[in-house]
Amino acid sequence: MKTFIPYLFLPKKFWTIILLLLSTFVCLAQNIDFGKSYINVTKGLAGGTVEPGDILEIRAAFVVRSGSYDSCGYFDAIPAGTTYIANTIRVLTNEGKIYKQFTDAQADDEGWRNGAVVRINLGYNQAAAPARWFRRGRIANTHRPSFYNSSCIMIASFRVTVTAAVGSIISMGGGSMSYRLGAAALQTFTFPSNSVAVYQNFGICSNAVGANSLGTEFNGTFGSGRPRNRGVSANVPPSYTYNIFTSNSPQDYYYGIPNNTSINTGYTTSNAWPKPDNARRVFGVWDIIGDHTGAASPTAGNTAADTVANGNAGYMLVINASYRIDSAFQQTISNLCPNTYYEISCWMRNICSRCGCDSAGRGAGSVGYIPTAANDSSGVYPNITFEVDGVDYFSTGNILYTGQWVKKGFTFRTGPGQTSFTLKFFNNAPGGGGNDWALDDISVATCSPNLVFTPGSNPTVCANNTVDLGCYVYSYFNNYTEYKWQRSIDNGATWSDYGVGGTGSPVWNGSTWEYYTTIPTFVATALDSGMMFRVIAASTAANLLNSNCAFTDNSSILTLNVIDCGPPLQTNFISFSGTVSDNKPVLSWTTNKEETAVDFVVEKSNDGINFLSEATVASHRNNASEINYYQYRGTNNLNGAIFYRIKMSGVSFQKYSRTIVLSSNKTEPALKVVNPFTDQLRFEISLPAAQKITVQLTDCLGRMVRTQQYAVQQGINYLSIEDTGAIAAGLYSLHTTVNNNILVKKVVKR
């Protein structure tokens, strides 16, 4: 929103300022501008990459800031790798609303398609040489669609469907605008080239996220300090000018890095003041906010910093963009890992709820103003493109005004030998009132695998018994195939290779890729207690040897706990199951050779926590049989769901079977969660039979943030999703798929 200087925030590098020279070689003012962009209609507000089948709206702007121009027209070709969508040739307002609609046929209106060529004759003021199908028209700065009655912003557009395959590059540039100033010769402006990748839309990392590799600008947080206005940023291009926050700045072409967006003469930490409020708000209408970093609520962000009392408040980048010919942020990122997936993301916020200007030139709040949408006067929505090494890979979709921050990003895979790339953020919106936004917490971080140890991260074993250790490597991407085991005997201070490693063969389990690795079985002694194991995973053999490119973390460590259980117990449970017969429990279990005298105590519980003894079954004491079979038939009728387990008891030791649940009714799967959760989401599921289940954690928008598959047994299973500390606070849903049925529980991340 600009109070004094009308503006157009045109898309990325294609905005070019045309300086016309008269025959007397006098340079005219900056009167006419052009720009070209595209909107991914299919991906909508969520944003995403361009994929086969996506609908793109190609937009080319013709802007007259003063004076008038004749012979105005738009010429373009349907990009290779796309197909034209019938009857989508239009002229739009700066907010993307349809101002003129044309048919595809020639000679019936001002726009048409002829083969691969699209043409629109521009200029529609009926009192000023308007366009016809056979001629181009006149556009003056006072014509509509109007921007505050001082500029005319006209967007020529058409839509296409992407047909190119994933991995292709589409050229979205090219095309031209024609115009004539007075008696001067006809001029043609040709739009520069623009490359767009057709790229699989992975979204953001669904597994763990590694360290931020951005490096610059305090790792994308823009740092912290007491002054309300920080200094300049080397990552903002020179075509933007730094300024502090006053009643009318940052203006067009300007940016600021504040920790409080109130104006210099109206200091406040409250965003509750009315709009407009020229005493405290930029242009009277901008939000008064703080940055995003470390906020208790990631969507709400931090309140505007108290720069009197707080000596170390966080900063953010705020852009007031217009007539752009360059990016709003750019950085070359080095020391990346080849063949590795990276989440490229940031947090953004539309900061103006009353910046709209309709096609008649009326600003938000004016009499007769036509809102941007129902109950929405925010104007043009920011729409940001992420460019990697000169190619567009992702667009955010329109960022509506919600008074909240939103995370936007995608997953990019480096090439086989790629160790760096240049990242740029461009505004892809077609310009006009609005389009003012804040940016914070930029991140380029590896999409790491999840490592799950068996029998657990802290297994307790008896001294002088055998130990079997294994590890599942789960990843949404199947590139973490290289692995090796390491061991530490000094509490993690140093690690050494354990001599076990190789190449895994991931298989898709329906929600993630997985493979399993083990180390040879060994006999644990008391001296082994506290011994630690970890698995290092990487995408290539070379990366496995590079500590910066090999994955492990402190939460993915197995620590062995060895206790003295008395004489070694050679007898083990092989199986335990139960059925209901005549409404009475029937329990069955098996053991291996019984070289030690034991008893089996049948225990039951109403809540699965507090168990009481029901009966004792003597062992066969048969060490000649490889397998011993047992059965217990209860005498009391079941009343609801009852939990059962078997305790194997000897002179100086005991072991427990797993727990099962039997019910007088048909046993249905049951899901319980520990709520709320922080660094670990724990839950339990009761099942009538052993099977594989898939668990997914989704956010309030239905986006998957974690997924895992478990092999579970009949009865109660105690499970967990590890490493949830990095997940943003908020409401989530835990979906458990059991035999094509889905159990859902709402959970809250604190």
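Two strands count as paired if DSSP finds at least two bridges between them. That rule opens the way into this structure, which is a predicted model.

Start with strand S33 (residues 470-475) and strand S37 (residues 513-518). They run antiparallel, and 6 bridges join them. One place to look is Val 473, whose bridge partner in S37 is Tyr 515. Now widen the view. S33 and S37 belong to an open sheet of 4 strands, in the order S30-S33-S37-S36, with antiparallel pairing. The edges of the sheet are strand S30 (450-454) and strand S36 (507-508), and each of these pairs on one side only. Strands of a sheet pair through backbone hydrogen bonds, either parallel or antiparallel.

Strand S42 (residues 573-581) and strand S43 (residues 584-591) run antiparallel, joined by 8 bridges. Thr 579 stands opposite Val 586 in S43. How many residues lie between S42 and S43 in the hairpin? There are 2, and Asp 582 in this turn has a positive phi of about 55°. S42 also holds Ile 574. Together with Ile 627 and Tyr 629, Ile 574 forms a nonpolar patch on the surface. The accessible area of these three residues together is about 320 Å².

Next, the aromatic rings. The structure holds 44 aromatic pairs. Take Phe 222 and Phe 329. Their ring centres are 6.1 Å apart and their planes meet at 75°, so the pair is edge-to-face. The cut-off explains the label, because planes over 60 degrees apart count as edge-to-face. This pair links distant parts of the chain, 107 residues apart. Phe 222 sits in the loop between helix H1 (216-220) and strand S18 (224-225), while Phe 329 sits in strand S23 (residues 329-333).

Asn 219 is partly exposed, with a relative accessible area of 31%. Another positive phi belongs to Asn 149, with a value near 60°. Asn 149 is found in the loop between S11 and strand S12 (151-162). Most residues other than glycine have a negative phi, and most peptide bonds are trans.

The peptide bonds have exceptions too. A cis peptide bond joins Arg 144 and Pro 145, with omega about 0°. Pro 145 lies in the loop between strand S10 (137-140) and strand S11 (146-147). A cis peptide bond also joins Lys 275 and Pro 276, where omega is about 5°. Pro 276 lies in the loop between S20 and S21.

Now turn to charges. Side chains of opposite charge can pair when their charged atoms come close. A search of the whole structure finds 18 salt bridges. Glu 57 and Arg 59 form one of them, at 2.7 Å from N to O. Both of these residues are buried. Glu 57 also forms a salt bridge with Arg 90, with the closest N and O atoms 4.0 Å apart. This second pair links distant parts of the chain: Glu 57 in strand S3 (residues 55-64) and Arg 90 in strand S6 (residues 90-92), 33 residues apart. Arg 90 is buried, like Glu 57. Which residues are linked in a network of salt bridges? They are Glu 57, Arg 59, Arg 90 and Arg 159.

Lys 275, seen above beside a cis bond, meets Asp 287 in a salt bridge of 2.7 Å, N to O. Both residues lie in the loop between strand S20 (254-256) and strand S21 (313-314), so the pair ties together parts that are 12 residues apart in sequence. Lys 275 is partly exposed, at 23% relative accessibility. Asp 287 is buried, with a relative accessible area of 1%.

Two arginines sit over rings. Arg 280 lies over the face of Trp 273, at 3.4 Å from the ring centre. The charged end of Arg 645 sits over the ring of Phe 611, 4.0 Å from its centre.

Note on methods: Residues are numbered from 1 along each chain as its sequence is written. This is a predicted model: local features need pLDDT of at least 70, side-chain atom pairs count only at pLDDT 80 or more; totals for chains, interfaces and linings use all residues. Side-chain values use heavy atoms; hydrogens and water are left out. Rings of Phe, Tyr and Trp (its six-membered ring) pair if their centres lie within 6.5 Å; planes under 30 degrees apart count as stacked, over 60 as edge-to-face and the rest as tilted. A charge sits over a ring if NZ of Lys or CZ of Arg is within 6 Å of the ring centre and within 35 degrees of the ring normal. Patches are made of residues with over 30% relative accessible area and no salt bridge: like charges are joined within 9 Å, nonpolar side chains (Val, Leu, Ile, Met, Phe, Trp, Tyr) within 5 Å. Accessible areas come from the Shrake-Rupley method with a 1.4 Å probe; for residues, only the protein chains shown count as cover. A salt bridge is a side-chain nitrogen of Lys or Arg within 4 Å of a carboxyl oxygen of Asp or Glu. Buried means under 20% relative accessible area, exposed over 50%, partly exposed in between (1.4 Å probe, protein chains only).
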